[in-house]
Amino acid sequence: MNNYDIIIEPILSEKSTDGIAEKKYTFKVAKSATKTDVKRAVEAVFGVKVARVNTVNVNGKKKRMGRSEGMTSAYKKAIVMLAPDSKGISFFESLA
């Protein structure tokens, strides 16, 4: 699996933006990706040193639009904590 196939997109919520000061970054990742895969991909793509990776499987939510019902997609979320001596990710630094 390619590094760009593992990291799908960054998650920019209020809670994830608060973690940028502590060098915690949140990404939507492939469902089949392991913590080791995510660590290697982030280090290769952004050129940083990863200290720790936490993953969460997020279930889809039930949504309604009038009479019709549906579900949002389920996905896997990875919270990546960088090493203290590592530089930050420039994409996120412009947001904080």
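Tutor: Before we look at this predicted model, take one rule with you: two strands pair if DSSP finds at least two bridges between them.

Student: How do you know that β2 and β6 are paired strands?

Tutor: β2 and β6 are joined in the antiparallel sense over six bridges, and the rule asks for at least two bridges, so the two strands count as paired. Within this pairing, phenylalanine 27 stands opposite alanine 78 in β6.

Student: What makes β3 and β6 a pair?

Tutor: Eight bridges join β3 to β6, and these strands run antiparallel; since at least two bridges are required, the pair qualifies. Valine 58 is the residue that stands opposite tyrosine 75 in β6.

Student: What makes β1 and β2 a pair?

Tutor: β1 and strand β2, which covers residues 24-29, are linked by three bridges in the antiparallel sense, and because the rule needs at least two, they too are paired. Here glutamate 9 stands opposite lysine 28 in β2.

Student: In what order do the four strands of the open sheet lie?

Tutor: The order is β1-β2-β6-β3, with antiparallel pairing, and the sheet they form is open.

Student: Why are β1 and β3 called edge strands?

Tutor: Each of them, β1 at residues 7-10 and β3 at residues 50-58, pairs on one side only. On average, neighbouring strands of this sheet are turned by 30 degrees against each other, if direction is ignored. Helix α3, made of residues 35-46, packs on this sheet and touches β1, β2, β3 and β6, while its direction makes about 125 degrees with that of β3.

Student: Is lysine 23 called buried, partly exposed or exposed, and how do you know?

Tutor: Its relative accessible area is 21%; buried means under 20% and exposed means over 50%, so lysine 23 falls in between and is called partly exposed. This residue sits in the loop between α2 (14-18) and β2.

Student: How much of the protein counts as buried?

Tutor: Of its 96 residues, 27% count as buried, and the cut-off behind that word is a relative accessible area under 20%.

Student: How do you describe the largest pocket, and which residues lie nearest its centre?

Tutor: The lining holds 14 residues, and Lys15, Ser16, Thr26, Lys77 and Ile79 lie nearest the centre. The elements that give two or more residues to this lining are α2, β2 and β6, and the largest share, four residues, comes from β2. The space in this pocket is about 320 Å³.

Student: How do the lining residues of the largest pocket divide into nonpolar, polar and charged?

Tutor: Four are nonpolar, four are polar and six are charged.

Student: How many helices and strands does the protein have?

Tutor: The protein has four helices and six strands, and along the sequence they follow the pattern α-β-α-β-α-β-β-β-β-α. The C-alpha trace spans about 55 × 30 × 20 Å along its principal axes.

Note on methods. Residues numbered from 1 in each chain as written. Predicted model: local features only at pLDDT ≥ 70, side-chain atom pairs only at ≥ 80, totals over all residues. Heavy atoms only, no water. Axes fitted to C-alpha atoms, helices over the stretch in contact; angles between N-to-C directions. Contact = heavy atoms within 4.5 Å. Buried < 20%, exposed > 50% of the residue type's maximum accessible area, 1.4 Å probe, protein only. 1 Å grid on protein atoms, 1.4 Å probe; cavity = no way out; pocket = protein on both sides within 12 Å on 5 of 7 lines; lining within 4 Å. Points joined across faces, edges and corners; volume = space filled by probe spheres on them. Nonpolar A, V, L, I, M, F, W, Y, C, P; charged D, E, K, R; others polar.
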